[in-house]
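Visitor: I would like a close look at a single part of this structure. Please keep the answer plain and connected.

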There are 2 protein chains.
Amino acid sequence: MKLFEPLDINGMVIPNRIMVPAMVTHLCKEDGVVTEDSIARYARYARGGIGLIVVEAMAIHQAKSGPLLRISDDSYVSGLTRISKAVHDASDSKVVPQIIHFLKVARSGWRQTVDMLTREEIGRIVEQFGNAVRRAREAEFDGAELHAAHAYTLSSFLSRTNPREDDYGRTLEGRLHLIGQVIERVRREVGRDFPVGIRFNVEEFLKTGYTVEESELIALRLAELGFDYLSLSAGGKFEDAVHIPGQVLFPYTGYSGERCMPGQWFPAALNVPLAARVKSFLRKNGFDTPVAIAGKLSDPADAERVLTEGLADFIGIARGLLADPDWPHKVRRGELERIVRCDYCNVCRNLDGTHNVVVCTLWPQGMIQAPEDTVDLPAPQWETDQGALQAAIGSGGVVLKWSKASGAARYDIYRSDEQGGLRLLDAVKANRWVDPGILGGKQYRYYVLPCSATGRAGSPSNTASIDIPTPEYMGH
Amino acid sequence: MKLFEPLDINGMVIPNRIMVPAMVTHLCKEDGVVTEDSIARYARYARGGIGLIVVEAMAIHQAKSGPLLRISDDSYVSGLTRISKAVHDASDSKVVPQIIHFLKVARSGWRQTVDMLTREEIGRIVEQFGNAVRRAREAEFDGAELHAAHAYTLSSFLSRTNPREDDYGRTLEGRLHLIGQVIERVRREVGRDFPVGIRFNVEEFLKTGYTVEESELIALRLAELGFDYLSLSAGGKFEDAVHIPGQVLFPYTGYSGERCMPGQWFPAALNVPLAARVKSFLRKNGFDTPVAIAGKLSDPADAERVLTEGLADFIGIARGLLADPDWPHKVRRGELERIVRCDYCNVCRNLDGTHNVVVCTLWPQGMIQAPEDTVDLPAPQWETDQGALQAAIGSGGVVLKWSKASGAARYDIYRSDEQGGLRLLDAVKANRWVDPGILGGKQYRYYVLPCSATGRAGSPSNTASIDIPTPEYMGH
């Protein structure tokens, strides 16, 4: 599979095309110092065989925030080095930190915007990015990634909504000005040889935000500026966020936020056509800068297709690798049925929004890291014959009930119908589930698969069939 | 060209694959009676050779609104017949009215939602739709189209955000219940032979709205219900609309509204991949119900590609045909350079939002209908040699200035650069324009084309080249 071919990113050879993008963990404290739990999270990804691990965004400055890693002072380097070492000790995964600057937010809903920054403050941001990437190199990371996506400072400058009236705004050139100054400063600090990538939005998904029409040009400019990889994300903006009284604005609460971490009802691989345009535009202009794309790409067949069709060079999987860091091993060994498949419930996003430790609900209760694949948990066993799955029509749709299986950490629910073939609908811990996505006059067939915490499945339940009555208006 | 092949829609043979979707005109008064101006608007489309003309949404009930056509009483039939006759007298265009029910809105920002309707009120809506379509047949229309898109009642029932807790909500079946009852009632009134289409959203573009994952199933159900064509639109919802104090909520003010009538910065043909999924799903399930798609499709090459690749069966062009109803004739004759090209400025949308008569800014000042192509306006003549186009760097981008051309109704502004080939940037009436979409270190070349009101172009201006200085941070 092309997924398991290495990729050379300015000398940083990632052993496969699988990247875990930066995800907040809240495993550190407000002091921003690396903890044992932080280290354990990234070592776990490394043991899973992930090609490129992007460590959660770390701040280049001391601005108040929740529990967030910092790279804003030389004193943080020793802690950060523990992450890079733990990754390198565990596997041939490569590891880079995501480097972030963000503006101020207040519980009143007020937020600082880029037009409030003086030119001196902008100059200081440039300097801080340079120092931060130097510290990343000192902390023995394999490279660094600048965060120019979502709701953060570089992205807000890049945005089509940037309201500045000076040469940091107004034109596309102006919107790119700060990123240009930052990378120049970064190169002065770490040289041309240290791999430096950038993550930015391929679309803002805001009413007046930029679309792929402009991100083609933005990507070309970033390639010209010598960024070593481009990691494409989408949405996640403050502009359409919903303010909850008494809380700071959380940029994943509006439509753009949903597009950033799309829920179960969005199509798979939804950003791929956008990445394909950017990749093709770069190629047409003579640039082979590696491009990564993310967004519901945890189906191995989708990921492989993106690579074989040349639509992108490597694949970002955030929630899917949080759910199962062993995804790479399992895909390579062809053990697809053992993958703990993300069901896009977005509890992880909500934990982030409430400043709780970010875990996956598919992990066993109470764990703050994914269970080890080396633990050879037995396959779950039905307590009743074949789970005794029953399907009945209830007021909210088809109600499924089944018996428990011992050793089951979760139950995957599958449905087939005349139209769509077999489809994983959800993964739940309880032994009851309601399917609202039903149509009258159809027959649906369900089964439930009990799975251990490491993805070992027991035998499928019996199949429960149900005929939904034809509505009276269709009798003609 | 496939664009000019006829299409049989349940006996209604449209002479080509070009449809003008329903667009509010505000050419009638609050009484909802057809006026001479209403008739003139649709006769103009017919003279332009448009295959299927969908007349602006007309209400099945008397609820208060701005100037909006009504089909809520038999007394409206004679007026409506004047539209169908005017179209049929002018050409072989086919004409159907769009039939709408909407809920109440107030200047306070309050709006009625579907969960406020009693079952009796819902029953009344079913009845009203039946009567309205019967009147459409009596008014000698060739068919009718139900409006189940955007922010209106049928769409709000269909929405994934439908909050009803009875069998008109909760499940996908419940959300489709009202549409099912409506079409059953309509068929009881007009029989199976009268062509009845439906317009619905292929995506809601709301945070918790449905996506193409569900619209595949919705489309299949609508085909099973015997709708004779499916016209796909997108967005345009109340849920993310921005309330302006003292005004009723206008559903084209949020992101979903922008996706409904996308501005200049959105890609061309942006909904085509969604339509392609729906069409392919229908085909896989044995349905050949004609599918129309709209959304920045006024480039003839895009429209033709959609048809030849089988991604849809006919093409909706709203703003592009408002700008130039003669688009079909001009495309068929190969006179592409004569098309008055919509620049997606959305003044038409804003006129709708403020309840003004909807016109196109590319028409000559003061006109409320598109100028006649039969008026043989002379090509514009530059007042100075070749327009004396000048390009200079200003604070907001490249500032273009040129001299006037006599007989010019507008100036089309073209740019070429190293990347993108030649591109139409904008169409303006003034003789000054600023290009904010510039990057340092590039050379841009501009020219301006003066055009008469009917699209007859004068000679292009001189080409003005400009080098944008390389930013200091790129000197390395």
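Why is the sulfur of Cys260(B) too far from the closest cysteine sulfur for a bond, and which cysteine holds that sulfur?

Guide: This is a predicted model. The closest cysteine sulfur to that of Cys260(B) belongs to Cys348(B) and lies 11 Å away. A disulfide requires the two sulfur atoms to be within 2.5 Å, so this distance is too far for a bond. Cys260(B) counts as buried, at 16% relative accessibility. Cys360(B) is likewise in no disulfide, and its nearest cysteine sulfur, in Cys342(B), is 6.5 Å away. Cys360(B) is buried too, with a relative accessible area of 12%. Over all chains, a search of the whole structure finds 0 disulfides.

Next, the interface between the chains. In chain B, 56 residues are in contact with 56 residues of chain A. About 4,700 Å² is buried between the two chains, and carbon and sulfur atoms give 55% of that area. Of the area that chain B buries against chain A, 17% is supplied by Lys207(B), Trp265(B) and Tyr473(B), more than by any other three residues.

The rule finds 4 salt bridges across this interface. One salt bridge joins Glu224(A) to Lys442(B), with the closest N and O atoms 2.7 Å apart. There are also 26 residue pairs in polar contact across the interface. Helices H5 (172–190), H6 (212–224), H7 (255–260) and H8 (272–284) of chain B each give two or more residues to the side that touches chain A. H5(B) gives the largest share, 7 residues. By class, that side of chain B has 21 nonpolar, 18 polar and 17 charged residues.

Key: Residues numbered from 1 in each chain as written. Chains lettered and ligands numbered in written order. Predicted model: local features only at pLDDT ≥ 70, side-chain atom pairs only at ≥ 80, totals over all residues. Heavy atoms only, no water. Buried < 20%, exposed > 50% of the residue type's maximum accessible area, 1.4 Å probe, protein only. Contact = heavy atoms within 4.5 Å. Buried area = accessible area lost by both parts, 1.4 Å probe. Salt bridge = Lys/Arg side-chain N within 4 Å of Asp/Glu carboxyl O. Polar contact = N/O pair within 3.5 Å; in protein donor to acceptor, adjacent residues only side chain to side chain. Helix = DSSP H or I, 4+ residues; strand = E, 2+ residues; numbered from the N terminus. Nonpolar A, V, L, I, M, F, W, Y, C, P; charged D, E, K, R; others polar.
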